[in-house]
Every structure is written in structure tokens, then in C-alpha cells.
Amino acid sequence: MDFLILATDRHAETLAGSTAADMAGRRLMSVSPGVASSGLLDDYIDVYESGEPIHREPLEFVEVLDYLRWPATLSVRAAKVGDGLLVSWRPLDAAELLVAGWERAQRLAELGWGEWNLDTERTLWTPQMFEMFGRDREEGPLPLEDLPSVVVPEDLPIVEDQMRSLLEHREAVETEYRIQHRHGVRHLSVFSEPQLDTDGVPVKVRFLAQDVTRNRRRERTLAVAYEQAHLQRERAEEEHRVAVQLQNTILPVRRGLVHLPGMTVGVRYLPGEELVRLGGDWFKARLIPDGRVLLAIGDAMGHGLTAAGIMLQMRSGLAGLAYTQAPASQLATWLNDLIVHSNEGVTVTGTAVIGHFDPEDRTFRWTNAGHPAPLLVRDGQVELMECPQGMMLGAFDATEYRMTTTQLQPGDVVLLYTDGVIERRGQDLDIGLNALIQAARFCVGEDPEEMIACVLRRLVGKAAEDDVCMIAARVL
């Protein structure tokens with residue numbers, strides 16, 4: 001819909017410079033395309049259809065003509081006359097622009113201004129004051145003596161002190177208090193000052209108030225978030241301290257050589273660099289009563305105190321089960337049952353390689369419960385030790401595991417490790433595994449402990465992202 005301009009007065013001129021002679025007889029949209037984007041065209045249509053006049057001031061208007069923009073702040077009126085509209089417009093002058101800008105600033109900053117005349121009891125309020133105090137304009141401004149009636153009771157002493165400062169001490173005062181608003185409690189920051197006559201007697205009181213409710217809510221939210229973060233940090237630190245103590249109790253030996261029948265075993269445990277990533281890696285290398293050597297390594301899933309607790313379950317449970325002299329596959333089945341049934345209602349998982357070395361015939365009989373495969377270092381060559389990969393511990397009830405027998409030779413080294421050795425953020429696992437094989441080939445030596453140190457230097461450096469655990473068992 002559009003309008004046809006029938007006539008204009010001789011002063012009519014558009015922002016783009018079209019004069020009265022240019023407008024008569026033309027369509028409104030062709031003369032002033034900005035009426036559409038500014039919403040004026042819709043207003044004109046409403047006036048034409050409803051018969052209700054409008055007055056829009058200030059109106060931010062931008063005319064675009066011949067690829068040029070003509071911005072201005074206008075006062076626009078429109079009324080229905082007969083079968084058409086009578087429209088007037090004019091740009092606001094400097095004084096009007098300042099007033100309009102001040103009103104806009106009050107809305108944006110939620111500022112209000114008020115003045116109470118103590119002699120005539122006349123009160124002046126800007127529109128924003130009505131909004132801040134939740135009053136209809138028909139009610140008029142709140143009398144100064146009624147101010148305490150809208151203040152939250154806990155803040156009344158603040159208002160009383162404000163009034164004493166203004167009326168008795170005749171001093172300007174800046175304060176903040178809460179008021180009961182129809183939409184809830186509001187926080188007002190108020191700067192007030194008395195206006196004195198020639199004798200120093202207060203005749204007026206002026207208020208500049210700002211609604212700071214959103215700021216206070218934001219501050220409360222931040223304070224609560226900070227407190228929660230502080231408590232979480234304290235809990236995390238306490239959990240870390242307990243987990244470290246638990247690990248130190250479970251794994252008092254974190255590096256060194258263990259001399260066992262038929263082999264020399266180097267061991268190393270390296271905690272992760274990040275405290276929150278303290279994990280559940282563990283190892284076991286010991287002689288059992290039947291003369292065999294138990295070699296095992298594992299990783300409890302997760303980090304922190306939970307992982308340390310699961311690690312304790314797995315390591316101590318295996319230590320007790322090993323005295324049954326059952327094969328490694330049976331030990332894994334029992335260990336799985338222990339984890340499943342001792343953590344009812346909670347899914348707890350872990351991985352492990354469990355095996356027995358027999359020094360009589362140098363055989364290593366072992367099973368794998370979802371753990372990275374060991375490496376065999378022989379004559380300077382390194383290869384993965386093949387074994388059917390069983391289900392990780394704790395994932396399912398009544399799980400059975402298959403056993404593999406590997407014939408070892410003097411000088412062979414069996415290298416067991418946890419996933420912290422080969423896993424890197426954003427890197428494929430095969431890349432880490434190949435890097436370990438290359439490092440093991442480079443670090444072949446007589447001393448298992450030195451071999452571990454060499455491998456870790458090449459792969460991990462001085463600090464590990466995650467826990468790292470390694471066993472290097474050299475056959476004699």
C-alpha cells in the first residue's frame with residue numbers, strides 16, 4: 001500500500017532536498033523511501049484505517065536516495081482528513097535533540113531525576129522515576145514524606161540517615177537502598193542534595209536515582225559462583241591429598257629394580273602433571289608360593305580419589321587371589337567378579353594384563369583384560385605380544401578370559417605399560433604405539449631400569465599429561 005501526495009505547503013521539503021514542487025502528484029514511497037524502513041508507512045496506514053492520530057517524537061529517521069543516506073531526528077504528526085491524511089514533519093532543533101538525548105540516556109542507564117519543593121509541596125519527576133518506583137503517572141510523584149513507606153524495612157535506617165543529612169545537616173548524600181516495586185524488590189543508588197535559601201534553610205530536595213538491580217543480581221550470582229568454585233576447589237584439593245596418600249600407601253615403591261627368580265624387573269610409576277588427572281595406574285611384580293613370578297599391570301578408569309579407590313580394589317584383590325595359584329585367566333575372571341559385585345549400583349571399570357613367569361622353563365602364561373598389549377624385546381627387535389583381547393574388568397558380570405603362553409629366552413625383555421605412555425590429546429593411538437616401539441628399539445640395554453628411563457625420556461619428557469606406569473622384565 002502507498003499514498004499519493006496531492007498537495008504540500010510551500011515550506012515542505014524532504015531530508016534529501018525534494019521541494020514542494022517535486023512532491024505534488026507523486027507516490028509517497030518514491031519521494032521518501034525511508035518511510036517504510038522507519039515504520040512511518042505502517043503508522044500512516046493505521047491512522048488511515050483507525051482514524052486515530054499519531055505524534056512520534058523523537059523519531060530516528062534515515063532517508064536513502066541515490067545511494068546516499070540522510071539521517072535526522074524528527075517530530076512527525078499524522079491525522080485522517082476526509083479520504084486522506086494530513087502529515088507534518090520537522091527536524092528537532094539542538095535544544096530538543098539534547099532533551100531527547102537525555103531522555104534516551106535515562107532509559108538506557110535506568111536513571112531518574114526528581115525534585116521536591118518543601119514549601120509548596122510541588123514535586124517534579126522525570127518519566128523514569130515513575131518506572132523505578134513502580135507508580136502510574138496518574139498517581140503523581142511520591143511525596144517525600146511517604147518515601148519510607150516503599151522502602152524495604154531493613155533499609156529504613158539508611159533512609160532516615162539520608163533525611164537527617166539532607167534536612168538537618170544540610171549536606172548532599174550518596175546512598176543505596178531497596179524499595180518495594182510492583183514487580184519485586186528494586187535496588188536504587190541515590191545521590192541527593194538540598195537546595196538552600198539565603199539563610200541556609202532547605203527549600204528543595206533533589207534526587208538523582210539509578211536502578212542498579214541488575215548489577216546487584218549479577219554481583220550476587222558472581223559471589224555464589226565464586227563461593228561454589230572455592231568449595232569445589234577445596235574439595236578437589238582434599239580429594240587429591242587423600243588420593244596421593246592412598247597411592248603412596250598402595251605403591252610405596254615407584255621406581256627401582258626387583259630381583260626375582262629367573263628375571264630382573266625394573267618398575268616405574270610417574271604421576272600425571274595435572275593434579276585433577278591423578279589416576280589409577282598400578283603394577284605388581286612378586287614371587288608367589290609355588291615359585292612362579294606374578295607380573296601384572298593395570299589401570300582403573302577415571303581420575304582422582306575414585307580412581308585411587310578402584311586401583312586399591314584391583315591391586316589388593318589380585319594380591320590375595322594370586323595365592324590360590326590359579327592361572328592368570330582365572331585370576332582375571334575372579335577380579336572382574338570382585339569389581340562388579342563390590343560396587344553395586346555404580347559402573348566401575350579397569351584394564352589389566354596379568355601373567356605368571358615360570359623360571360623353570362621360562363614360559364610366560366598371561367591374559368589381557370582390555371589393556372594395551374605388552375612388547376617383547378628380543379635381539380634388538382621389538383614386537384607386540386599377540387593375545388586375544390578380553391573384556392575390560394567390571395564391564396560385565398561372569399566374564400571369562402583366554403590364556404596365552406609365550407616362550408621366553410635369556411635376554412628377552414617383556415615391556416608392560418599403561419595407556420599414559422602412548423596416549424596424547426588429539427593424536428591417534430597407533431601413532432603413540434609406533435613411537436613406543438621405536439623408543440624401545442632405541443633404548444635396548446642390559447639394565448631394565450635404565451631402559452624404562454630412556455623410553456620415558458623419549459616419549460614423555462619431564463612431565464606426563466596422565467599417569468604413567470611401566471614394567472621391564474629381563475629374563476636371566
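1. Buried means under 20% relative accessible area, exposed over 50%, and partly exposed in between, with a 1.4 Å probe and protein chains only. At 0% relative accessibility, cysteine 469 counts as buried. Cysteine 387 is buried too, with a relative accessible area of 16%.

2. On provenance: this is a predicted model, in which local features need pLDDT of at least 70 and side-chain atom pairs count only at pLDDT 80 or more, while totals for chains, interfaces and linings use all residues. Residues are numbered from 1 along each chain as its sequence is written, and side-chain values use heavy atoms, with hydrogens and water left out.

3. Overall content. The protein has twelve helices and 20 strands; helices (H or I, at least four residues) and strands (E, at least two) are DSSP runs, numbered from the N terminus. Of its 476 residues, 44% count as buried. Contact means heavy atoms within 4.5 Å; among contacts between residues at least 6 apart in sequence, 58% join residues at least 24 apart. The accessible surface comes to about 25,200 Å², and 52% of this belongs to carbon and sulfur atoms. Areas come from the Shrake-Rupley method with a 1.4 Å probe; for residues, only the protein chains shown count as cover.

4. Disulfide. A search of the whole structure finds one, where a disulfide is a pair of cysteine sulfur atoms within 2.5 Å. Cysteine 443 is joined to cysteine 454, with S to S at 2.0 Å. The pair links distant parts of the chain, eleven residues apart: cysteine 443 sits in the loop between α11 (429-442) and α12 (448-459), and cysteine 454 in helix α12. The link is left-handed, with -65° about the S-S bond. Both ends are covered by the buried class: cysteine 443 has 5% relative accessibility and cysteine 454 has 12%.

5. Largest pocket. Its volume is about 830 Å³. Of the 31 lining residues, the closest to the centre are Ile5, Leu28, Leu85, Val87 and Trp89. On a 1 Å grid over the protein atoms alone, a cavity is a set of points where a 1.4 Å probe fits but cannot get out, and a pocket is an open set with protein on both sides within 12 Å along at least five of seven lines; lining residues have an atom within 4 Å of a point. Grid points are joined across faces, edges and corners, and a volume is the space filled by probe spheres set on the points.

6. Lining of the largest pocket. At least two residues each come from α2 (28-31), α4 (40-50), β1 (54-65), β2 (68-81) and β3 (84-91). The largest share, six residues, is from β3. By class there are 22 nonpolar, five polar and four charged residues; Ala, Val, Leu, Ile, Met, Phe, Trp, Tyr, Cys and Pro count as nonpolar, Asp, Glu, Lys and Arg as charged, and the others, Gly among them, as polar.

7. Second largest pocket. About 210 Å³ of space lies here. Its lining includes Trp116, Asn117, Arg122, Pro143 and Met163. Elements giving two or more residues are β4 (111-117) and α7 (156-168).

8. Proline 148. This residue lies in the loop between α6 (127-133) and α7 and is partly exposed, at 34% relative accessible area. Not counting residues up to four places away in sequence, proline 148 touches Leu156 and Val159. Proline 148 and isoleucine 179 are 31 residues apart in sequence, with 8.9 Å from C-alpha to C-alpha.
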